[in-house]
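Good morning, colleagues. Please look at the sequence and the structure as they come up.

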Amino acid sequence: MTDSFDVVVIGAGPGGYVAAIRCAQLGLNTVCIDALVDDQGKETLGGTCLNVGCIPSKALLESTEQFHRLNHQFAAHGISADNVAMDVSVMQARKKDIVKGLTGGISQLFKANKVTSIHGFGHVLSGNRVNVVDRDGQVIQTLTGQNIILAPGSVPVELPSIPYDHEFVVDSTGALAFNHVPKRIGIIGAGVIGLELGSVWNRLGSEVTIVEAMDDFLGAADHQVAREAKRQYAKQGLDIRLGATVSGVSSGAGGLQLGYAQKGEDHSLEVDRVIVAVGRKPATSGLLSEDCGVALDDRGFIEVDELCRTGAPNIWAVGDAVRGPMLAHKSSEEGVAVAERIGGGAGHIDFNCVPWVIYTSPEIAWVGQTENQLKEEGVEYRTGQFPFAANGRARAMEEPHGFVKIIADKHTDRILGVHMIGPHVSELIGECVVTMEFHGSSEDLARIVHAHPTLSEATHEAALAVDKRAIHKVG
Ligand code: FAD
Ligand code: NAD
């Protein structure tokens, strides 16, 4: 059977499902194919983000942060509680409910927008045709699309020396699903996943050691933010070992032995579980036929230009499987932009204004460039910084850690980057993204009325500090 569509979307993660809905809104007859099944083998939509990524990790981060607060922060408010306990099975059931609700929501959105949803693996052929293959490898349908959007996302990288057994040595999906609190966890990689999932289990009592290959901690972040983050994580008990080269994992009498070398010395760490969090790679294996005209680079990413066009006419690609950060909102915005281009409009994304957030406590958020990047580019800039310790709302919340730093061009005052660590900075960064999208200056932010007492006043004061006129800061 051949079915013709205006648009065939492969992948129903935040890149693909959002693209499909936007195409349908624009009146295009759209089909979205996805092969994902949940841990019960049931078909599910929403990709990595909703099933085993952003949403379940944030559900666990929220549960464990409440637990941590009750144990460590509530006393300062005069609140005491006896017999505080975490029922991991309830926490996991809550996470599953949230995932189920949101993934089911995508089915409803597809129905409401008349997007055809097909379960199966999409394989792109020449001539804008796509085979849909079932779990047994049988072709169940061949579709043609005037346009094809590839949004296959990404999968965890596996270290050849430390293969997953999915019980003791796990990837992020396994680490989201522990049904008890492991006593000792070794995490390989102090990136976003290592820090977020390390925080989850550390807050519940696991001894967490993170082994990181690089000498620099959080190299992509602002250096002061990274330093403050490392200090706060250490206070929470996260043991982060930098410049460490892992060699392998073996089983010993007392558990697993994670071998690594640091400063020329060999070490062995005894742990009960190992989480490998060394990055993700594009899920492009088996996606493309040799003659379909779409090229992969040497790391398996789909090659696209700045408009997400592949080398093949009318075949587009978005999200984790193409260049740029592996972030859900970046995938979705690329999906929308491509849908609008197909629909005859002008899709827009400013890749310099894609915010990053790390949902640890304190949270970390940034947008735009770091001081190091600007120095390398020879750009002259001024900075303004304001600590949450001097912010009334943060003090009232008992969350006085961290700061907001704004970097503005020395000559034009245009904001070039904003870097934050502190309470709810995942929400505060939005204002700065908007300001940067509108090419705003620190003066613009400084002249905007911010409600009192709010955390956003720290952003306001940081903007004032660029011109050395912060009100609530000495020096
Ligand atoms: P995906 O979400 O990976 O979706 C791709 C879909 O396509 C999948 O369902 C896959 O099964 C399907 N597929 C692949 N190939 C085929 C094929 N040939 N045929 C049919 N279907 C196919 N990002 C954030 O912005 N914020 C966060 O807080 C955050 N937290 C994360 C936490 C974890 C633990 C992880 C692992 C990731 C997190 N991310 C976060 C990253 C985020 O999940 C990804 O950037 C995002 O999901 C990418 O969206 P996508 O649509 O490109 O791909
Ligand atoms: P990452 O790139 O953030 O971090 C991987 C870390 O592992 C790096 O610090 C790297 O130096 C280190 N590493 C690599 N090989 C190593 C080795 N052999 N030994 C020791 N360390 C090694 O990758 P991740 O944490 O796996 O996350 C993957 C992607 O998922 C992220 O890049 C991000 O785009 C996305 N993500 C985003 C969020 C968020 O937005 N809050 C949360 C989770 C994941």
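A residue is called buried here when its relative accessible area is under 20%, exposed when that area is over 50%, and partly exposed in between. Please keep in mind that this is a predicted model.

Let me begin with the aromatic rings. A pair of aromatic rings is described by the distance of the centres and the angle of the planes. The count for this model comes to three aromatic pairs. In one of them, the ring centres of Phe 217 and Tyr 233 are 6.1 Å apart and the planes stand at 85°, so this pair is edge-to-face. Phe 217 sits in the loop between strand E10 (207-211) and helix H7 (223-236), while Tyr 233 belongs to helix H7, 16 residues apart. Both Phe 217 and Tyr 233 are buried.

Another pair is formed by Trp 356 and Trp 366: with centres 5.6 Å apart and planes at 10°, the pair is stacked. Trp 356 lies in strand E18 and Trp 366 in strand E19, so the pair ties together parts that are ten residues apart in sequence. At 24% relative accessibility, Trp 356 counts as partly exposed, whereas Trp 366, at 8%, counts as buried.

I turn now to helix H4. How far apart are the end C-alpha atoms of helix H4? They are 38 Å apart, in agreement with the 38 Å that its 26 residues should span at 1.5 Å a residue. The buried residues of H4 include Val 88, Met 91, Ile 106 and Phe 110. Among the elements that the buried residues of H4 pack against are helix H1, strand E2 and helix H6. After H4 comes Lys 114, with a positive phi near 60°.

Conventions. Residues numbered from 1 in each chain as written. Chains lettered and ligands numbered in written order. Predicted model: local features only at pLDDT ≥ 70, side-chain atom pairs only at ≥ 80, totals over all residues. Heavy atoms only, no water. Phe/Tyr/Trp six-rings, centres within 6.5 Å; stacked < 30°, edge-to-face > 60°. Helix = DSSP H or I, 4+ residues; strand = E, 2+ residues; numbered from the N terminus. Buried < 20%, exposed > 50% of the residue type's maximum accessible area, 1.4 Å probe, protein only. Expected span 1.5 Å × (residues − 1). Contact = heavy atoms within 4.5 Å.
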